Amino acid sequence: MPDLRIIFPEYALGIHLPSLVPYIALFGTIGFILMILPGLIWIERVVIALMQDRSGPNRVGPRGLLQSTADVVKLFFKEDTMPQSADIRIYYLAPFLTVFCAFAAGAVLPLQTLTFRLVDSSFKTVPVTVGDVNIGLLYILAVSSLQVYGVVLAGWSSNNKYSLLGGLRGSAQLISYELSMGLSLLCVVTLAGTCQLNKIVDAQNGLPFGIPYTGVWWQVPLKGSIFSWFWLGTLLVPVCIYTIAMIAETNRAPFDLPEAESELIAGFHTEYSSMKFAMFFTGEYVSMLIVSGLNAAMFWGGSLPPLNIPPLTWIPGFMWFIIKIMGGIFFFTWLRASFPRLRYDALMNLGWKRMLPLGLVWVFLMAVWGLFRPAPASSDNIPAEPVTASQTTVQQVAPPVEAKSLASRQR
Amino acid sequence: MATVLFWILALVSVIASISMVTTKNPVRSALFLVVTFLCVAVFYVILSAQFIAAVQIIVYAGAIMVLFLFVIMLLNLGTPQALVERGSLQPAFAVVLGISFAVTLVMSGSFVTLPAVAAQPEVYEPLGTVRGIGINLFDPKQPWLFPFEATSILLLIAVVGAIVMAKRKV
């Protein structure tokens with residue numbers, strides 16, 4: 001099979017290229033998010049208009065493309081009002097927290113992998129992520145659990161009963177759906193055997209259901225194909241749970257109870273106007289991108305093409321990743337146009353009594369399946385032996401260190 | 001790099017802890033506690049215990065403190081003037097216990113050995129990762145499997161007990 005991946009040299013112009021990769025990922029991620037934001041709002045409007053049989057944006061620019069720009073200009077020049085009895089510092093802190101947490105979660109998304117030919121002519125695959133940390137998944141969960149503070153504090157500090165109700169609803173909803181979200185992701189972690197997102201993507205680069213890869217002709221197009229991604233590997237239920245939970249986590253319709261405009265005016269951001277409102281808006285769209293990206297990486301193969309055949313494999317990995325994220329965004333919009341808002345008790349019922357028990361059962365199922373299934377197909381990046389070896393060295397090394405620190409403590 | 005980060009965050013966490021105690025506003029007090037938790041999480045990362053750091057943020061900053069805030073807002077506590085008691089022995093006890101705790105810390109040499117511990121994170125690195133903790137916790141050869149499972153059953157009993165206490169008619 002001809003390998004068409006571009007292979008980069010380790011050094012170019014005396015610069016060590018693999019160590020530049022995190023910076024490329026940093027600027028790439030932030031640049032992509034900032035560039036796509038106006039586009040997202042335009043896409044959402046056009047898609048909803050299409051689904052509701054309306055014209056949609058068609059006044060500003062060709063096909064209404066400049067509508068988002070006009071909105072941004074409007075938000076810049078709008079009067080920045082503030083309620084008199086607001087808790088000023090927290091009132092200003094809340095929108096910044098929202099945007100910060102949304103952007104920070106993007107740091108571990110695996111955009112694609114680059115292959116480098118090292119000086120000793122061996123090959124090294126480097127994942128394009130800002131931080132390729134072993135707790136990648138936990139990091140995303142941690143940062144997205146901090147997003148609650150933006151909603152809660154905005155609702156509280158505005159000193160408005162509608163805002164407060166929105167904030168309370170938001171905190172209860174986000175806490176409830178975080179659990180189901182974590183359980184559905186745990187199913188994937190059970191099968192992949194790692195929390196590192198690029199390794200989870202790599203674990204999907206095999207045959208469906210972990211059949212050993214031998215290189216027979218019919219196996220080649222199936223390797224890393226749509227059938228071997230974890231949406232099928234975990235038997236469909238976790239991806240459904242995650243998708244529902246991710247919509248609830250981003251406060252989007254039909255789970256937009258924290259800002260339910262027919263009941264609470266605008267919920268937690270009732271008292272925010274101008275750029276502070278724009279920051280909440282930005283935070284919501286960025287976290288939509290992030291949860292779609294996590295969905296793509298965990299369940300939909302990340303940067304892998306849907307079939308391992310030439311015209312599809314020529315497209316670089318990050319393009320596939322973006323296409324999958326955009327699929328997620330389209331799904332968000334689709335649901336927003338299709339479903340009415342849930343009642344509050346129905347929301348809690350769904351989260352605690354349906355999704356949480358189902359997720360628990362599925363984790364057990366996946367754990368049993370993980371014991372009996374064939375070994376993971378592409379285990380080349382998941383070292384089984386060296387780690388245990390390093391574990392033993394650690395255990396050998398650790399006692400002297402403890403003794404040393406004890407000795408210095410006694411001194 | 002790690003040392004500079006440590007001292008900056010040490011300052012921040014100490015200031016946040018003191019503000020947490022001294023602030024009259026309960027919401028701000030809770031927020032200062034969150035700042036302290038985040039600083040502690042970064043300390044864990046500096047000590048190469050990434051898993052504990054993530055769990056610290058998820059459990060304490062992300063879940064427990066949100067519930068605290070939730071309750072504070074639900075009760076709508078303002079500045080509690082009535083809670084300041086007159087003629088209580090609490091401040092005297094607090095001062096005595098605080099001084100004795102500080103003396104214990106200094107005597108045990110925690111401050112003296114800090115640079116030495118911070119200088120050797122490489123040795124502990126695989127122990128702090130997800131894989132390291134998993135292997136050490138669930139390996140039957142290690143002694144931690146039984147205590148871990150026993151603790152989890154204890155927590156389960158606590159959860160069931162809380163539900164039974166809160167809801168008499170199930």
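**Note on the predicted model: chain A fold and a helix pair in chain B**

1. Of the 411 residues in chain A, 43% are buried, and this note concerns a predicted model throughout. The secondary structure of chain A amounts to 14 helices and 5 strands. Where contacts in chain A have a separation of 6 or more, 76% of them are between residues 24 or more positions apart.

2. Helix α3 of chain A covers residues 88–104, and its 17 residues should span 24 Å at 1.5 Å a residue, which agrees with the 25 Å between its end C-alpha atoms.

3. Chain A has an open sheet of 3 strands in the order β1-β4-β5, with mixed pairing. The edges are taken by β1 (7–9) and β5, each of which has a single partner strand, so that one side of each is without a neighbour in the sheet. Neighbouring strands of this sheet are turned against each other by 40° on average, direction ignored.

4. On one side, β1(A) pairs with β4(A) in the parallel sense over 3 bridges, and A:Phe8 stands opposite A:Phe116 in β4(A). On the other, strand β4 (residues 113–117) and strand β5 (residues 123–127) of chain A run antiparallel and are joined by 5 bridges, with A:Thr113 opposite A:Pro127 in β5(A). The hairpin of β4(A) and β5(A) has 5 residues between the strands, and in this hairpin A:Ser121 takes a positive phi near 55°.

5. In chain B, helix α2 (residues 26–46) packs against helix α3 (residues 50–75) at an angle of about 175°, their axes being 8 Å apart. Because angles over 145 degrees count as roughly antiparallel, α2(B) is described as roughly antiparallel to α3(B).

6. Which residues of α2(B) and α3(B) meet? From α2(B) they include B:Val27, B:Ala30, B:Leu33, B:Val34, B:Phe37, B:Leu38, B:Ala41 and B:Tyr44, and from α3(B) they include B:Gln50, B:Ala53, B:Gln56, B:Ile57, B:Tyr60, B:Met65, B:Phe68 and B:Ile72. As background to such lists, an α-helix has 3.6 residues a turn, so residues three or four places apart point the same way.

Conventions
Residues are numbered from 1 along each chain as its sequence is written. Chains are lettered from A and ligands numbered from 1 in the order in which they are written. This is a predicted model: local features need pLDDT of at least 70, side-chain atom pairs count only at pLDDT 80 or more; totals for chains, interfaces and linings use all residues. Helices (H or I, at least four residues) and strands (E, at least two) are DSSP runs, numbered from the N terminus. The expected span of a helix is 1.5 Å times one less than its number of residues. A residue is buried if 20 or more other C-beta atoms lie within 10 Å of its own, exposed if 12 or fewer, and partly exposed in between; C-beta atoms are placed from the backbone. Two residues are in contact if their C-beta atoms, placed from the backbone, lie within 7 Å. Two strands pair if DSSP finds at least two bridges between them. Axes are lines fitted to C-alpha atoms, for helices over the stretch in contact, and angles run from 0 to 180 degrees between N-to-C directions. Angles under 35 degrees count as roughly parallel, over 145 as roughly antiparallel, 65 to 115 as roughly perpendicular and the rest as oblique.
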